[in-house]
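Open the model in your viewer and keep the sequence panel beside it. We will go from stop to stop, selecting a few residues each time.

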Amino acid sequence: MDHTQEIHRPEILIPQLIDQLGGLSTRAALSILAGKFPCKVIFSTSFGIEDQVITHDILDNGIPISIFTLDTGRLFPETYSVWTSTNDKYNAKIRAFYPDRGLLETYLTEKGPNAFYESVENRKSCCYIRKVEPLKRALAGQEVWVTGLRAEHSPERKDMQLLEWDETNRVIKFNPLLYWTTEEVRNYIDQHNIPYNILHDRGFVSIGCAPCTRAIRPGEDFRAGRWWWEESSKKECGLHVSH
């Protein structure tokens with residue numbers, strides 16, 4: 001295969017990578033990707049329980065994969081606590097990306113600090129400024145984006161693949177925990193004594209910005225705690241869009 005093609009069209013490698021990574025542990029798969037795409041594999045963490053599994057596998061094994069987070073400016077105090085404890089445990093410095101100052105100041109001045117409650121359009125604009133635009137900067141120049149997505153998280157995510165092409169960000173997207181169950185994630189956290197967000201013990205499943213996240217009630221869908229005032233079909237922030 002022409003190596004030039006591989007560099008400029010990494011998506012053509014996906015079938016080959018699926019064959020190589022199929023059946024491997026998360027740690028082994030991450031190691032292979034880091035070797036195949038040196039300095040071009042990056043992991044985004046929101047310090048949720050799934051992300052902490054992947055963070056542990058990367059940092060505890062010294063896998064050369066960069067880790068970053070999107071600090072929206074409206075995270076829970078508990079999220080900052082697990083960020084700190086993760087840095088301390090692994091002697092790490094997880095990089096933070098922040099919203100563009102000009103975009104955020106304009107949005108807040110024109111619409112107010114809680115405009116996301118008023119309409120889906122306002123909420124998606126807020127998500128774009130606080131998460132989507134910073135993500136684009138974080139992924140610029142990368143070839144593989146590792147995520148902590150699981151199929152159980154939402155109906156839309158059940159159609160995702162272990163490896164897929166993200167056309168928006170022009171990267172290969174690797175979802176190593178896609179088919180893990182909640183029990184498997186919890187057991188891994190306990191087994192390895194990994195720091196995790198204590199909000200998970202209080203009924204919070206998917207943890208994002210504080211004003212837009214609540215605990216779920218027994219029998220509710222995984223995503224019921226996110227943007228609970230909207231229809232369930234609209235509950236994505238724009239970071240993970242199927243193509």
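**Stop one: a strand pair.** Select strand 5 (residues 163–166) and strand 6, which pair in the antiparallel sense over four bridges. Two strands count as paired if DSSP finds at least two bridges between them. Helices (H or I, at least four residues) and strands (E, at least two) are DSSP runs, numbered from the N terminus.

Before moving on, note that this is a predicted model: local features need pLDDT of at least 70, side-chain atom pairs count only at pLDDT 80 or more, and totals for chains, interfaces and linings use all residues. Residues are numbered from 1 along each chain as its sequence is written, and side-chain values use heavy atoms, with hydrogens and water left out.

Now show Trp-165: it stands opposite Ile-172 in strand 6. Follow the chain from strand 5 to strand 6. The two form a hairpin with four residues between them. Click on Arg-170 in the turn, which has a positive phi of about 55 degrees.

**Stop two: both faces of strand 6.** Select residues 171–174 and show the side chains. Which residues point which way from strand 6? Val-171 and Lys-173 point one way, and Ile-172 and Phe-174 the other way. All of them are buried. Buried means under 20% relative accessible area, exposed means over 50%, and partly exposed is in between (1.4 Å probe, protein chains only).

Strand 4 and strand 6 pair in the parallel sense over three bridges. Trp-145 stands opposite Lys-173 in strand 6.

**Stop three: strands 1 and 2.** Select residues 41–44 for strand 1, which runs parallel to strand 2 and is joined to it by three bridges. Phe-43 stands opposite Ile-67 in strand 2. Why is strand 2 (residues 66–70) largely enclosed by the rest of the structure? Four of its five residues are buried, so the rest of the structure largely encloses strand 2.

**Stop four: a buried charge.** Select Asp-57, which lies in helix 4 (residues 49–60). Asp-57 is buried yet has no salt bridge. A salt bridge is a side-chain nitrogen of Lys or Arg within 4 Å of a carboxyl oxygen of Asp or Glu. Which side chain of opposite charge is nearest to Asp-57? That is Arg-27, 6.1 Å away. For charge, Lys and Arg count as positive and Asp and Glu as negative; His and the chain ends are not counted.

Next, show Tyr-188. A polar contact of 2.5 Å joins the side chains of Asp-57 and Tyr-188. A polar contact is a pair of N or O atoms within 3.5 Å; within protein, one must be able to donate a hydrogen and the other to accept it, and residues adjacent in sequence count only if both atoms are side-chain atoms. Leaving out residues up to four places away in sequence, Asp-57 touches Thr-26, Arg-27, Leu-30, Ile-63 and Tyr-188. Contact here means heavy atoms within 4.5 Å.

**Stop five: salt bridges.** Side chains of opposite charge can pair when their charged atoms come close. The count here comes to 10 salt bridges.

- Select Arg-202 and Glu-78, whose side chains meet in a salt bridge (3.4 Å, N to O). This pair links distant parts of the chain, 124 residues apart: Arg-202 is in the segment after helix 8 (182–191), and Glu-78 is in helix 5 (residues 77–90). Arg-202 is partly exposed at 48% relative accessible area, while Glu-78 counts as buried at 19%.
- Select Arg-123 and Glu-230, which meet at 2.8 Å, N to O. Arg-123 lies in helix 7 (residues 120–139) and Glu-230 in the segment after helix 8, 107 residues apart. Arg-123 is buried at 1%, and Glu-230 is buried at 9%.
- Select Glu-50, Arg-150 and Glu-152, which are linked in a network of salt bridges.

**Last stop: the whole chain.** Zoom out. The chain has eight helices and six strands. Read along the sequence, the pattern is α-α-α-β-α-β-α-β-α-α-β-β-β-α. How many of the 243 residues count as buried? The share is 51%. Among contacts between residues at least 6 apart in sequence, 66% join residues at least 24 apart.
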